[in-house]
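Reader: I would like to learn how to read packing features from a set of coordinates. Please take them one at a time, with the cut-offs.

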Amino acid sequence: MLQENLVQRFSEAVRDNWENPAYTDYEGATLRYADVAQRILMLHHVFRECGVRRGDRIAVVGRNCSNWGVAYFAAITYGAVIVPILPDFTGEEIHHCVTHSEAVILFVGDTIYDRLQDDRLRRVKCIFRLEDFSVRVAHDRAVKQAVEAAERQSGRVARPDFRLEPVPGDQLGTIIYTSGTTGFSKGVMLD
């Protein structure tokens, strides 16, 4: 069994590379590891305000971009289960994956959101724009206010102070949905 802990290793890698480039969007901005760290901590604060617990599912669907990677690492370093959904799926397939996985948070790109129906995502506490992590839909007004407060209150952290809570290595980390050649997608669970 692998003894190294992914979250601890990720924390160390972020601190070791603090000023180095981490992600660059095509014809867009570059995020340093420090920027990624700040965004992850902000999202952890938002998850707490939304009542997300370890083991809860967080879905992400969108084209490749820096914030896709940030959302992915924010979920797994929080102890949530990330559910990456293929951006080429139809609206029906996306609804199926979000519902079947029991996702409580959804990050979705603008062009993909047009395929979705909010009334079919009532179990999701909050839907965020992948482009800037702003709240697109919060079915509970108190959740939307809490998220907005969390975004304002999350401060900056210095390199030596960046730490993430350990997450057990044997905990479920990801549910990946197949392309569904025989009907709806099937979920594959990975720890």
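Author: What follows goes through strands, nonpolar cores, aromatic pairs, a helix and cysteines.

Author: This is a predicted model, in which local features need pLDDT of at least 70, side-chain atom pairs count only at pLDDT 80 or more, and totals for chains, interfaces and linings use all residues. Residues are numbered from 1 along each chain as its sequence is written, and side-chain values use heavy atoms, with hydrogens and water left out.

Reader: How many residues of β5 are buried?

Author: Buried means under 20% relative accessible area, exposed over 50%, and partly exposed in between, with a 1.4 Å probe and protein chains only. Helices (H or I, at least four residues) and strands (E, at least two) are DSSP runs, numbered from the N terminus. In β5, six of the six residues are buried, so the strand is largely enclosed by the rest of the structure.

Reader: Which strands pair with β5?

Author: Two strands pair if DSSP finds at least two bridges between them. β3 pairs with β5 in the parallel sense over five bridges, and A59 has L106 in β5 as its bridge partner. With strand β6 (residues 126-129), β5 pairs in the parallel sense over four bridges. There, F107 stands opposite F128 in β6.

Reader: Which residues have the most contacts inside the largest nonpolar core?

Author: In soluble globular proteins, nonpolar side chains tend to be buried together. A nonpolar core is a set of buried Ala, Val, Leu, Ile, Met, Phe, Trp, Tyr and Cys residues joined through side-chain atoms within 4.5 Å. The largest core here has 40 residues, and I58, I105 and F107 have the most contacts inside it. Its largest share, eight residues, comes from α2. Contact means heavy atoms within 4.5 Å; leaving out residues up to four places away in sequence, I58 touches residues including F47, V83, I105 and F107. Another core, of 21 residues, lies apart from the largest one, and I94, Y113, V124 and V137 are among its members.

Reader: How many aromatic pairs does a search of the whole structure find?

Author: Rings of Phe, Tyr and Trp (its six-membered ring) pair if their centres lie within 6.5 Å; planes under 30 degrees apart count as stacked, over 60 as edge-to-face and the rest as tilted. The search finds eight aromatic pairs. The ring centres of F47 and F107 are 6.4 Å apart with planes at 70 degrees, so this pair is edge-to-face. It links distant parts of the chain, with F47 in helix α2 (residues 33-49) and F107 in strand β5, 60 residues apart. F47 has 0% relative accessibility and counts as buried; F107, also at 0%, counts as buried. One aromatic cluster is formed by F47, Y78, F107, F128 and F133.

Reader: Which elements do the buried residues of α4 pack against?

Author: The buried residues of helix α4 (residues 91-101) include I94, H95, C97 and V98. The buried residues of α4 pack against β3 (57-61), β4 (81-85), β5 (103-108), α5 (110-113) and β8 (174-177). Just after α4, E102 takes a positive phi of about 65 degrees.

Reader: How many disulfides does the structure hold?

Author: A disulfide is a pair of cysteine sulfur atoms within 2.5 Å. The structure holds zero disulfides. C65 is in none, and the nearest cysteine sulfur, that of C126, is 17 Å away. For C97, the closest cysteine sulfur is in C65, 18 Å away, too far for a bond. C97 is buried at 0% relative accessibility, while C65 is partly exposed with a relative accessible area of 27%.
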